[in-house]
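User: I would like to learn how to read features in a two-chain model. Please take me through them one at a time.

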Amino acid sequence: MPHIEVVGHQLAEALNGYSADYIEAHLEESQSSYITYRGRELESMGRTTAVGGNIRALVRGGWGFTSFNNLDELPGKVELAVKQARLVGSRESKLAAVEPVVDAVPAKIDKNPVAMPLAEKKQLLDEYNDIIWHTPKLQTSIISYGDSHKKAIFLSSSGSYIEQERADITLRLTAVATKGNEVQQTGLSLGSRGDFRLIQGRHQQVEQMAQHAVELLSAPQVKGGEYTVVLDPVLAGVFVHEAFGHLSESDFVYENDRLRQIMTLGKNFGSSELNIVDSAATPGLRGSYKYDDEGVPATKTYLIREGKLVGRLHSRETAAKMKEKPTGNARAINYHYPPIVRMTNTYIEPKSAPFEDIIGGIKEGVYAKNWYGGMTSMEMFTFSAGEAYMIRNGKLAEALRPVVLTGNVFNTLKNIDAIGNDLEMNQGGGCGKGGQMPLPVSNGSPHIRIRHCLIGGR
Amino acid sequence: MVSSGETPVQFEANRLKHIQSKRSNSVALRIVKQGRIGYATTTELGDSQKLVNNAVETAQFGMTAKFELPSLTSYPQIEAYDLDVESVSLEKMIELGDKLVATVKSHTPDILCEAGVTKGTVSVRIINSRGGEANYRKSIFSLGIEGTLIRDTDMLFVGEGESSCHPLLEPKAVGEAVLWQLELAKNQASVPSQPLPVVFTPNGIASALIPPLMAAFNGKTVLEGASPIGNRLGQPVFDKKLWLRDDPTIAYRPGSRPCDDEGIPSQRTPLIEQGTVANFLYDLQTAALAHTQSTGNGSRSRGGLPTPSPSAFIIAPGKTSFDEMVKDMKEGLVIEQLMGASQGNILGGDFSGNVLLGYKVENGKIVGRVKDTMVSGNIYQILKQITAIGSEAKWVGGFLNTPPLYCPSLSVASK
């Protein structure tokens, strides 16, 4: 099969010959490997190679899209996308103007993780698995490692031609403890933008995770209700992603007049201490890139500044329809899907409060750490903590079973009354939206305190 | 070897927005070399040498193969392909989507809908070095709609979907299910923070109770000693009224197929019989390690090596109608959609979530929808004593068929 570079250059010359308002193509070559453990032994190991692409066409406001593995006969595929778009289109096409870009962006990593010897990767996972299995009373472990290296070409009928490479690593470790019919589990998620060294040397964290699974067997479940909660940087990162990040994705808003009224720029969402940022332009994180999947340069976007809504995330179409500037947030997990508005690296900016002050004044509350996951319906969101402790009289007290927290975006952000000084970015997450999952993102925060947070429990 | 084609027609903000056509091809190769399993996949059908090299490399470290692949065998005749699916025109699909949106909008004019009408086909070919061979095709057609209604900062989410191996050319039932939700959600009702009786609708069961059950009946979880019911085979763990089976043999259902991804013939596998744990689900390797037989549940659904996975969970209907369940509650909840329920300790059977769509019952009547409400429970406690099992079973997402379940008590926390 011809290399995607050859195909890309041929296609670039041909893209203008169709009657569409706009056409773009994505071509991709990727390699990946994965290793899983369930229990004492390695369970599976595999390598994957993939080549594929897609064509997206816009005619009178309607989109056509075709994706494929076979790179032959691309002109016919362009025609199909244009035909589909014409069937949909009934209005005017609107795309925010961007300068055409011709660029090549290498992955900027010392060592391609996919090309590393499998033995070297297995060695590290064996060490982590041994730690889990050396923990007394532990039942079993689940480890899931994956890496990928991808070269993607983006080209458009407006003359852009961008080659970008990226690498990605994820590692999820789970420890399972049992006693009779009782089963408890804890997890640790790590990741990096292709740098294997960043998942090395985590032995101590793995040990703590495994010990905590055993502790949970005798931990009580929290009583359901409203609490003052303190979130650690990892969980606060998930919180900002779920509680606010998704609502700032303009594809939810741009054709929804009521939501547009609610999400008017300048509206107050929190205290004057609260700043929320999404930034693909910050280098080296899992959500970082130079151009998004519409060829728009990445930006650092303030979503909330001093408590007020000041920005949101855009594709070229949502930016044009809302008469705002494109932010370079259109992303697709791979060539099977069209790009949609997504977050990148999302975080709460640090302030001054040290951790001791944040928990100091709490008579009875919950300290929630680490994450299982999170979900949002825009107004309501839930996120769950992998670890939780009671706070009593300003001090950390007994461990609790994992807790699920819920809130309402219009109240909960306002209830944040302390923001710490210890920003950390969590690289272990993956985001799902519109069937596209998991997309590499990172999120982070310093420790934060939230009043009146609803927790599910007995 | 799997090749598939899919054509989704998508509506956003009540309007036709996208037509897509997706084709994909892939080959997966599993080898056993010096007793160890190697595995590789590719989309590059021409480059078989690279595929073999990759598989050989991974076989250095792979698990020791304990199983024997099936030789040439005959498969049950299971209908899952309807030629008519492919011939449904794009114009017809657009018309179906328009109809769905129009039905919902005629009831609630200011609702914003996203709708999807999708047709697709998959062909699967499995061959092995013992002469085993399986080929089958499957067609899938699905309809779905989600509506969002915003009043001030209050948001209501409703939605329904249906899928089949036949074309679904009558969107009425899907539309009416959404209207039913909108009708019940017209008013808001408050809930006390205390244990309450709960009716889970089929959608509610899918979002709250199914993920823990899937983990518990997975033969691999059992083998590792991490399933709470792993050592309870043949014992009564659930309410006597409860029957659950895995069934890939029902004609024209999206989960149906003549064999699993290892070429093992499809079978119906009882999992809960009269409340008693009857079986677990196995692929070849897990079954060999557990000294039992594969149940034909080897699935490569996540692109990796085959692993046990259900094809379709079927919960047998009971005798009580949904209306009778509601009538029976003095104060209680009907749960249609839980958000975030599968984020907790699934292995242990715990679930906890925000009631995204649910209704309050007072004196035998649904009085409105609830908000800012969390429910928490453990499926082993909840399914041990079920007040009643519904008489009206329904397909959810193509892979679950269940009636509503009426449970005596669930912990509720509310603002």
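**A hairpin, then the chains**

Analyst: Strands β21 (residues 430-433) and β22 (residues 436-440) of chain A run antiparallel and are joined by 3 bridges. Helices (H or I, at least four residues) and strands (E, at least two) are DSSP runs, numbered from the N terminus, and two strands pair if DSSP finds at least two bridges between them. This is a predicted model, in which local features need pLDDT of at least 70 and side-chain atom pairs count only at pLDDT 80 or more, while totals for chains, interfaces and linings use all residues. Residues are numbered from 1 along each chain as its sequence is written, and chains are lettered from A and ligands numbered from 1 in the order in which they are written.

User: Which residue stands opposite A:G430, and how many residues lie between β21(A) and β22(A)?

Analyst: A:P440 in β22(A) stands opposite A:G430. The hairpin has 2 residues between its strands, and A:G434 in the turn has a positive phi of about 55 degrees.

User: How is the overall form of chain A read?

Analyst: The radius of gyration is taken over C-alpha atoms, and the globule rule is 2.2 Å times the number of residues to the power 0.38. Chain A has 9 helices and 24 strands. Its radius of gyration is 23 Å, close to the 23 Å that the rule gives for 458 residues, so chain A is as compact as a globular protein of that length. The C-alpha trace of chain A spans about 70 × 55 × 35 Å along its principal axes.

User: How many residues of chain A and of chain B are in contact with each other?

Analyst: Two residues are in contact if their C-beta atoms, placed from the backbone, lie within 7 Å. Here 67 residues of chain A are in contact with 58 residues of chain B. On the chain A side, strand β2 (residues 42-59) gives the most, with 11 residues.

User: Which strands pair across the two chains?

Analyst: Strand β3 (residues 62-68) of chain A pairs with strand β2 (residues 15-33) of chain B in the parallel sense, over 5 bridges. A:W63 stands opposite B:H18 in β2(B).

User: Where does chain B divide into domains?

Analyst: Domain bounds come from an automatic or database domain assignment. Chain B is divided into domain 1 (2-184) and domain 2 (187-415). Their C-alpha centres lie 22 Å apart, and 30 residues of domain 1 are in contact with 28 residues of domain 2. The largest share of the domain 1 side, 5 residues, comes from β6(B).
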